[in-house]
Amino acid sequence: MESNPVRFDGRVALVTGAGGGMGRAYALELARRGAAIVVNDYGGSMMGVPGDVARAQGVVDEIRAAGGKAVANGDAVGDEQAAACMVALALELFGRLDILINNAGIAAPGPITQTSAQRLATVYATNLIGPHLLMRAAWPVMAEQRYGRILNISSNAALGIGGNSPYAATKAGMIGLSLDAALEGSGHGILVNALMPCAYSRMIEAVPDPEFVAWMRDNFQAEKVVAAALYLLSEQSEVTGMVFSAGAGRIARLGFVENDGIIAEAIDPEQVRTSIKQVVDLADARPVGSQGDEMALYTVAADFGRESGPGLARDALT
């Protein structure tokens, strides 16, 4: 290990869905590197069937056996009161809250027409509304400290997976939540990022392809995601407002891109039809880092559109 290791001594972390899989891996390594941990897990199934606090307590027992500090919480993510209780628990036992990992998530695989409204509500509550509520509860504490690290666990399902629309939609929502909060948090010492982990978990077991499941189990251990997560949560990190993919020893940044498109003063459907190949071609697209960056393209369009004709000149954008 290098002479300046990433440590979390004196820091307090709340990790949701930490009773197993990636959540457990985050909690164990944070504790091993000095953090006190609130281990949250409702103990239920990935389909949202409730359980008990035993899964969370099992991870707490592991942490304590190794000499760390931890406490279990069995509340289901998705409720405002539960979010407040988790934050209050951290403050009561450890005196502060520095790190929030919104990891808990459930799925509802199946055709888009066959997911009940009740099931949709449960998935959205657990995967997106719950993380938002936890951020709301933790935010004043972190802002007062002038220090906070939030990691929202998204998924590459946000890019489209097929037959799992509630999960895909909520994980895409985690990206928008992270990017917006990062802008707001920059003035308070709060860094917010999103992570798309590629790792074996009990969700993978539901994939009806034994060879794929075995490949994931053998090559994509949860522990291989932890390095990226812990750096982003550390004091050394200054990274905020970004989306990362991590797994199998790989870490990379994901981002939005946008091309020049077309500009036509009197645009109509026929113009779009004629120019659709140019519109969808991303060969010369550039990164768009924020809503402000994207709006700048429209500012250029308004200023230069008539002079540039139907295609916007690249030098007008630079």
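Author: The model discussed here is predicted.

Reader: Why is Thr16 called buried?

Author: Its relative accessible area is 1%. Buried means under 20%, and Thr16 is therefore classed as buried.

Reader: Where does Thr16 lie, and with which residues is Thr16 in contact beyond its neighbours within four places in sequence?

Author: Thr16 belongs to the loop between strand S1 (12-15) and helix H1 (21-32). Beyond those neighbours, its contacts include Asn40, Val77, Met86, Ile101 and Leu134. Asn102, Asn103 and Ala104 are also among them.

Reader: What makes a space in this structure a cavity?

Author: A cavity is a set of points where a 1.4 Å probe fits but cannot get out. The structure holds 1 cavity of 30 Å³ or more, and about 30 Å³ of space lies in the largest cavity.

Reader: Which residues line the largest cavity, and which strand gives the most to the lining?

Author: The lining consists of Arg149, Ile150, Leu151, Leu191, Asn193, Leu232 and Leu233. S5 gives the most, with 3 residues; strand S5 (148-153) and strand S6 (190-197) each supply at least two. By class, the lining has 5 nonpolar, 1 polar and 1 charged residues.

Note on methods
Residues numbered from 1 in each chain as written. Predicted model: local features only at pLDDT ≥ 70, side-chain atom pairs only at ≥ 80, totals over all residues. Heavy atoms only, no water. 1 Å grid on protein atoms, 1.4 Å probe; cavity = no way out; pocket = protein on both sides within 12 Å on 5 of 7 lines; lining within 4 Å. Points joined across faces, edges and corners; volume = space filled by probe spheres on them. Nonpolar A, V, L, I, M, F, W, Y, C, P; charged D, E, K, R; others polar. Buried < 20%, exposed > 50% of the residue type's maximum accessible area, 1.4 Å probe, protein only. Contact = heavy atoms within 4.5 Å.
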